Amino acid sequence: MVYTSIMYKKTTKTLNIHISLNKIMADKKEKVEENVEEVEKVEGEGGGNALVMIGIVIVALIILVYAYTSITGNAIFGFDGFGSNEVRIGFMGPLTGDAASYGHAIKRGVEMALKDSKLQNVKIIYEDTRCDGEEAVSAINKLINIDKVSAIIGDVCSGATLAVAPIAEQNKVVMISASSTSPEITNAGEYIFRTIPSDTHQGKFGAELVYDLGLRNLSILYGNEEYGVGFEGVLKENFESLGGLVVAEESFERGSTDLRTQLTKIRKARPEAIYIISNSPDSSVAALKQIKQMGIKAKVFGSEGLKGPEIAATKVAENLTITSVSAGTPAFVEQYMREHGLAIQPFAPQAYDSFNALAKAIQNGARTGSEIKLQLDNLKFSGVSGDIEFDSNGDVSGSYQVYRLVNGTFVLADY
Amino acid sequence: MSSLLLQLTLNGLVAGSIYSLVASGFSLIYSTNRFMHFAHGVIVILAGYILFSFYSLIGFSFYYSVLSTLIYSSFIGFLINKTIYSPLQKKKTSSVILLIASISLLILFQNLIQLFFGAGVKDIDYIDIQKGLEFYEATITQLQIITIIISSILCVGLFIFMKKTSLGKEMRAVSNNKELADIVGINSSKVKDLSFFIGSFLAGLAGILISLEQNVSPSMGTNLIIKGFTGAVIGGISSVPASIFGSYIIGLVENLGIAFLPSGFKEAISFFLLFIFLLFRPEGLASLRRRVK
Amino acid sequence: MIFEYLIHILILVGIYTILALSLNLALGYSGLLNLAHVSLFGIGAYTSVLLNMQGFPFVLSIIASGIVSALFGFILVFSTKKLKGDYYALASLGFAFVVYSLLLNLISITRGPLGISGIPRPSIFSFVINDNFTYLIFVLLFLLITLILFSKVVRSPFGKLLEAMRDDELSLRILGKNTYRLKYKSMSISAFFAGLAGSLFAHYIGYIDPNMFYINEIILIISIVIVGGVASLRGSVVATVIIIFLSELLRFIHLPSSIVGPGRQIIYSIILLLILMKKPRGLFGRIDLE
């Protein structure tokens with residue numbers, strides 16, 4: 001009896017709830033339907049308003065851009081009426097971001113070469129790519145489609161160069177890099193050149209250097225991008241073929257400043273030498289500091305990316321040994337110091353030569369990308385970073401030097 | 001192998017301390033206001049930049065710079081609440097909107113910093129680099145030890161604060177039931193303001209230690225708040241001591257995990273843990289204690 | 001010259017509009033606050049690229065990209081079934097991070113941070129869409145199909161059910177509707193189109209890496225949908241146009257790239273904050289975000 005009454009109460013309760021919920025739902029449905037009617041009215045008007053709005057926005061934009069270009073004489077619309085004689089060259093590299101010091105060094109080299117060449121009909125358009133593949137793609141699309149460049153000096157970082165090489169190739173625009181050393185670039189295309197040797201050579205040179213110093217256990221700390229991966233592979237291959245042993249290989253993300261994890265694993269392997277392959281000064285500095293903090297007792301080597309002022313300023317980097325490409329002729333080094341007040345920076349000589357390669361092609365009458373390419377295929381001259389002659393892949397051969405950091409300056413070492 | 005594990009454990013404790021410094025402020029703000037203040041991460045980094053500006057750029061003394069940083073951070077956090085979150089809350093927007101607003105603030109501040117200071121890393125050259133203290137082939141630097149100590153003190157201190165002091169209790173009251181707290185006579189808006197003040201003060205502290213230890217770059221804020229948030233979720237986001245505890249767990253798991261995995265997977269470990277916990281135990285480990293009771 | 005650039009922007013607008021529309025279906029109409037939408041975009045991109053560069057014809061690759069994204073969308077809904085409100089949003093954010101991690105670390109498949117370059121333009125029955133103008137038509141075709149399909153869905157009984165679910169899931173369940181199935185369906189459609197957009201994007205830009213589908217893009221897409229207005233297809237279209245034009249304008253007027261990069265993000269976040277604070281309905285939204 002009690003049970004049934006409870007059940008009865010429960011069912012009534014549920015029923016009541018159900019009924020009230022139904023009512024609420026019905027109410028809501030009504031409300032929603034009202035809303036929909038209202039909104040459809042509003043939307044109708046809103047639709048018209050939207051079109052007018054878009055129209056106004058677009059017209060405003062166009063007016064704005066026209067005003068801007070006529071005031072600044074920008075070439076977006078071809079308003080400055082450049083003569084058909086002008087050759088436009090693009091520059092792609094990191095002008096901001098952690099690799100900016102390389103970008104600016106190369107920019108200086110290019111500007112020096114432009115000035116020294118005394119060419120009047122060449123215009124350089126600079127794009128900042130921050131060593132990022134995506135930025136590089138945006139930049140090259142703009143350079144090719146809007147600025148209509150015939151050639152591009154860049155990119156600085158191998159990863160960015162490889163990302164855009166197919167685009168340059170397809171559009172028959174010459175790309176000449178002063179600093180991209182990844183072995184992959186050798187096969188990147190007919191229009192892809194460089195005035196810096198591929199890391200297949202530096203890897204061999206570095207391996208021999210370490211081996212010749214009597215060190216047999218090598219650990220490698222490398223940046224996880226095209227440059228680092230390429231170099232690491234060649235270094236390891238060469239070192240092992242000489243008879244050495246690579247006991248640890250650790251990679252880090254570009255810009256990462258906490259390398260303790262990687263260094264912990266490296267330390268465990270007890271290497272006699274650590275080779276740092278990095279084109280990110282922030283990471284290089286962090287690595288050097290943390291190596292000291294963790295008490296890793298190995299001889300430290302670095303690729304040419306470490307031959308920069310930030311590293312020189314790092315007090316703990318004393319005795320760092322760097323393998324580097326040519327630092328330029330003494331005359332060029334002196335000119336650089338005179339004009340910029342700075343000690344010669346990596347890749348500036350190579351940048352000077354890359355502009356000059358293009359300049360010589362232009363002086364021979366080349367204007368378009370294909371014409372410049374044909375000229376470069378047969379070019380041979382003596383540049384400030386060495387002899388420039390492109391092989392069938394657009395590569396140059398080169399020599400390397402060894403530098404040691406002594407008292408905050410990089411000193412050429414015998415090797 | 002054991003020296004490797006010892007070093008990784010130490011690394012984990014250091015990482016855990018850093019994350020817990022971030023998580024503590026975040027959790028304090030969440031537990032009082034009941035929404036996620038993701039922009040907390042960028043206050044941490046902003047503090048690092050303020051320290052950099054005062055100490056390395058302008059050249060004020062170190063202690064003056066530290067003090068200013070703490071004061072400025074607290075104020076900025078307080079201002080953000082006053083100008084963005086409070087107005088939104090008055091309109092009774094859901095915590096999801098507040099979440100999105102806080103993420104927008106995070107992106108906004110991060111990019112403002114990048115605009116003004118550049119995207120590179122800034123070095124605060126206060127500590128000399130030298131080899132750390134060593135035991136059993138594992139090294140740890142003095143600054144790292146100090147960080148661990150401060151973080152532990154914070155853990156205990158905040159625990160006492162939340163449980164014993166009247167302000168702490170008021171904060172918990174407001175978070176539990178704002179209306180009731182108002183009725184009982186607690187000035188809930190003042191309590192909320194204070195929570196932002198104190199939480200951002202903690203962010204400032206975190207920023208100072210982190211920037212001394214690792215330097216600062218604009219994108220660090222996002223990374224830190226993700227880790228701090230993960231730690232808080234694992235520990236129990238509404239309890240400050242639990243969040244700190246959870247952060248240590250993240251730090252340790254991350255670092256010990258890469259003994260077995262390639263180093264690149266360190267971040268992935270945290271993300272996976274975050275996702276798993278959000279799916280299966282969003283209240284965090286702290287809820288286990290309550291269930292046992 | 002300017003026309004080339006205009007075409008470039010319009011292609012981006014087209015692709016992002018498809019992305020915004022698909023997110024609006026999940027977020028605006030179904031109430032699924034999916035912060036991982038950009039991951040579905042990325043998964044579509046990678047799927048299409050990996051298949052296409054292994055030799056699969058483009059048509060198959062793009063369809064596969066839609067299907068694989070839909071699968072991941074399904075996984076997302078499945079794993080977050082029991083969550084509500086901000087926990088759901090946060091779990092989807094966690095999902096986005098996990099996907100990012102996978103793209104970054106499974107180097108043998110995705111090449112991780114090295115990215116994949118040299119992605120070929122679509123080739124359909126040996127007709128290669130090489131020039132940008134044709135690509136624009138191609139994208140607009142997809143956009144048209146998407147718009148028509150979505151309009152139909154939104155006005156259909158299914159669409160009404162989705163909106164009812166967004167407004168009051170509990171009542172809908174009491175009335176006997178299987179809301180889980182609704183969520184799966186809605187998310188699958190949303191993810192499918194996100195994947196398609198990803199494929200269109202990858203084959204246009206020619207290069208992808210995991211960073212292109214991470215936090216910056218998440219904010220961009222959420223901004224578009226919120227600014228355009230929740231539950232309004234028209235709003236998504238208009239908002240995409242405005243926001244993409246604004247951000248590309250910065251690059252166009254030759255501001256130094258150090259300003260363009262953060263400048264764009266600043267614009268998105270300020271617009272988003274303003275809309276959230278002043279006009280949470282967005283431009284054309286019908287419902288306040290609740």
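Which residue is joined to C131(A) by a disulfide? In this predicted model, C131(A) is joined to C157(A), with an S to S distance of 1.5 Å; a disulfide is a pair of cysteine sulfur atoms within 2.5 Å. One disulfide is found over all chains. C131(A) lies in the loop between β2 (122-128) and α3 (133-145) of chain A, and C157(A) in the loop between β3 (151-153) and α4 (158-171) of chain A, so the pair ties together parts 26 residues apart in sequence. Helices (H or I, at least four residues) and strands (E, at least two) are DSSP runs, numbered from the N terminus. C131(A) and C157(A) are both buried (under 20% relative accessible area; exposed is over 50%, partly exposed in between; 1.4 Å probe, protein chains only).

Chain C puts 41 residues in contact with 40 residues of chain B (heavy atoms within 4.5 Å). The two chains bury about 3,400 Å² between them, 80% of it on carbon and sulfur atoms. Buried area is the accessible area (1.4 Å probe) that two parts lose on being put together, summed over both. In chain C, Y87(C), L90(C) and M277(C) lose the most area to chain B, together 17% of what that side buries.

The elements giving two or more residues to this side of chain C are α4 (85-105), α10 (215-228) and α12 (257-278). The largest share, 15 residues, comes from α4(C).

This is a predicted model: local features need pLDDT of at least 70, side-chain atom pairs count only at pLDDT 80 or more, and totals for chains, interfaces and linings use all residues. Side-chain values use heavy atoms, without hydrogens and water.

Terms used: Residues numbered from 1 in each chain as written. Chains lettered and ligands numbered in written order.
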